[in-house]
Amino acid sequence: MSLVRSVLLRVPAASAKPGPAIGQALGPLGVNMAEFVKQFNDATSSYKPNTPLPVKLSAFSDRTFSFVVQTPPTSELIKQAAGIKSGANRPGSEVVGYITPQAVYEIAKIKQRDEKRSYYPLEGIAKSVVGTCNSMGVVVKDEDEEGDEKN
């Protein structure tokens, strides 16, 4: 059994369906699409349905596969925490929502679970989350705070 290829996919949590989007990536690798969808949906049942999740799938020469599900994109977690549908069209001059420092900390803890971030200090990941908030037009501030943003 040897590795044929690895592919990166973005698949909706707990609601993946066999279809063209997944089929185009898995078909040439000889991976059973229905089996992948079943295993993926079982593995992601703890996530909010339809949350896009990055997946690294490795296909092997004997038509077997393995996959690693990463945490949702930071922007997706920020949108959920702020209760917004999308970021600002003009970040820096438009504010579309607010989240608390506690929410930033919770997002940072989630992102720290990713293999490539597990060795970063939580404070550094939190600063990265705040940077993503700024680029989306989301302000980080305490709930009882009025006026200027707090970073």
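1. Let's start with K48, which sits in the loop between α2 (33–43) and β2. Helices here are DSSP runs of H or I with at least four residues, strands are runs of E with at least two, and both are numbered from the N terminus. This is a predicted model, where local features need pLDDT of at least 70, side-chain atom pairs count only at pLDDT 80 or more, and totals for chains, interfaces and linings use all residues. Residues are numbered from 1 along each chain as its sequence is written, and side-chain values use heavy atoms, with hydrogens and water left out.

2. Is K48 buried or exposed? K48 is exposed, with a relative accessible area of 54%. The scale runs like this: buried is under 20% relative accessible area, exposed is over 50%, and partly exposed is in between, using a 1.4 Å probe and protein chains only. Setting aside residues up to four places away in sequence, K48 touches A13 and Q80, where contact means heavy atoms within 4.5 Å. As for L3, its C-alpha atom is separated from that of K48 by 32 Å, and the two residues are 45 apart along the chain.

3. As background, most residues other than glycine have a negative phi. N50 is exposed, at 53% relative accessible area. T51 is in the loop between α2 and β2 too, but T51 counts as buried, with 4% relative accessibility.

4. What does T51 touch, leaving aside its neighbours within four places in sequence? The list is V11, P12, A13, P72, E76 and Q80. With Q80 there is also a side-chain polar contact of 3.3 Å. That term means a pair of N or O atoms within 3.5 Å; within protein, one must be able to donate a hydrogen and the other to accept it, and residues adjacent in sequence count only if both atoms are side-chain atoms. Q80 is a contact of K48 as well.

5. A14 is not a glycine, yet its phi is positive, near 55°. With 29% relative accessibility, A14 counts as partly exposed.

6. Now the sheet. It is an open one of 3 strands in the order β1-β2-β3, with antiparallel pairing; two strands pair if DSSP finds at least two bridges between them. β1 and β3 stand at the edges with a single partner strand each, so one side of each has no neighbour in the sheet. From one strand to the next the twist averages 20°.

7. How many bridges join β1 and β2? The antiparallel pairing of β1 and β2 runs over 9 bridges, and P12 stands opposite P52 in β2. Strand β2 (residues 52–60) pairs with strand β3 (residues 65–69), also antiparallel, over 5 bridges. There, K56 is opposite V68 in β3. The hairpin of β2 and β3 has 4 residues between the strands, and R63 in this hairpin takes a positive phi near 70°.

8. Helix α2 lies across β1, β2 and β3, at about 30° to β3. Axes are lines fitted to C-alpha atoms, for helices over the stretch in contact, and angles run from 0 to 180 degrees between N-to-C directions.

9. The aromatics are worth a look here. Rings of Phe, Tyr and Trp (its six-membered ring) pair if their centres lie within 6.5 Å; planes under 30 degrees apart count as stacked, over 60 as edge-to-face and the rest as tilted. By this rule there are 6 aromatic pairs. F36 and F67 make an edge-to-face pair, 5.3 Å centre to centre with 75° between the planes. F36 lies in helix α2 and F67 in strand β3, so the pair ties together parts that are 31 residues apart in sequence. Both F36 and F67 are buried, and F36, F40, F65 and F67 form one aromatic cluster.

10. Last, the record. UniProt (unreviewed entry) places "domain: Large ribosomal subunit protein uL11 N-terminal" at residues 9–65, a span that is 32% helix and 25% strand, with its end C-alpha atoms 14 Å apart. The entry lists "domain: Large ribosomal subunit protein uL11 C-terminal" at residues 71–140; that span is 50% helix and 9% strand, with its end C-alpha atoms 21 Å apart. UniProt positions are given in the numbering used here, feature names are shortened, and annotations may be inferred rather than shown by experiment.
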